Amino acid sequence: MNKRNTIQKKIVLETLREMGNHPTAEMVYTRINEKYPSMSRATVFRDLKSLAEDGTILHVPMFDSADRFDHTNTEHYHFKCTKCNNVFDVNIPYFDDIEKRITDMDDFLIKSHSIVFSGLCPECLKEDKSCQN
């Protein structure tokens, strides 16, 4: 089934690209609502899901908070600051074959993987005197 390209989906994609900060669906909706108050939360969430499913954007699962979305659609890793909750790209090669290194999961079919590093970003590290020793 072909997915339709709607004006709303275009607005969602443009907003995500403008934000450029790995926002949650709620953050995208809030930004869109400022300019297009008639656009529903359900539409924004549905369009983000659709854009991720077709590979236009990346859905970045977060295990301890709301998932994020990334306008960069090539597979790569992320870092999440445990203090400010901002998410950043990590500049290391993506390991396409990491699944082949797993030796004890013969009965599983692994289709993808996601790695999110966590710690303090440079700004929070400056503020957190306890980590400076």
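Predicted model: local features only at pLDDT ≥ 70, side-chain atom pairs only at ≥ 80, totals over all residues.
User: How many helices and strands does the chain have, and in what order do they run?
Analyst: The chain has 4 helices and 5 strands. Starting at the N terminus, the order is α-α-α-β-β-β-β-β-α. Helices (H or I, at least four residues) and strands (E, at least two) are DSSP runs, numbered from the N terminus.

User: What makes Thr15 count as buried?
Analyst: Thr15 is found in helix α1. Buried means under 20% relative accessible area, exposed over 50%, and partly exposed in between (1.4 Å probe, protein chains only). The relative accessibility of Thr15 is 8%, so Thr15 counts as buried.

User: Which residues does Thr15 touch, not counting residues up to four places away in sequence?
Analyst: They are Val28, Arg31 and Ile32. Contact means heavy atoms within 4.5 Å.

User: Why are α1 and α2 called roughly perpendicular?
Analyst: Their axes are 10 Å apart, and the helices pack at an angle of about 105 degrees. Axes are lines fitted to C-alpha atoms, for helices over the stretch in contact, and angles run from 0 to 180 degrees between N-to-C directions. Angles under 35 degrees count as roughly parallel, over 145 as roughly antiparallel, 65 to 115 as roughly perpendicular and the rest as oblique. The pair α1 and α2 is therefore roughly perpendicular. On the α1 side, the contact is made by Ile11, Val12, Thr15, Leu16 and Met19, and on the α2 side by Met27, Val28, Arg31 and Ile32.

User: What makes α1 and α3 roughly perpendicular to each other?
Analyst: The axes of α1 (residues 7-19) and α3 (residues 41-53) cross at roughly 75 degrees and come within 9 Å. The two helices are therefore roughly perpendicular to each other. Residues of α1 that meet α3 include Val12, Leu13 and Leu16, and among their partners in α3 are Val44, Leu48 and Leu51.

User: Is His22 buried or exposed, and where is it found?
Analyst: His22 is found in the loop between α1 and α2. Its relative accessible area is 6%, so His22 is buried. The phi of His22 is near 55 degrees, a positive value in a residue other than glycine.

User: Why does Phe88 count as partly exposed?
Analyst: Phe88 is found in strand β4 (residues 87-90). At 33% relative accessibility, Phe88 therefore counts as partly exposed. Leaving aside neighbours within four places in sequence, Phe88 is in contact with His22, Tyr77, His78, Phe79, Cys81 and Cys121. Phe88 and Thr15 are 73 residues apart in sequence and 18 Å apart in space, C-alpha to C-alpha.

User: What label do Asn85 and Asn86 get, and why?
Analyst: Asn85 is at 35% relative accessibility and so counts as partly exposed. Asn86 has a relative accessible area of 37%, so Asn86 is partly exposed. The phi of Asn85 is near 70 degrees, a positive value in a residue other than glycine. Asn86 is in contact with Phe79, Lys80 and Cys81, leaving aside neighbours within four places in sequence.

User: Where does Glu99 lie, and which residues does Glu99 touch?
Analyst: Glu99 lies in the loop between β4 and β5 (116-119). Not counting residues up to four places away in sequence, Glu99 touches Ile110, Ser112 and His113. The C-alpha atoms of Glu99 and Ser112 are separated by 8.1 Å, and the two residues are 13 apart along the chain.

User: What share of the 133 residues in the chain is buried?
Analyst: Buried residues make up 31% of the 133.

Note on methods:
Residues numbered from 1 in each chain as written. Heavy atoms only, no water.
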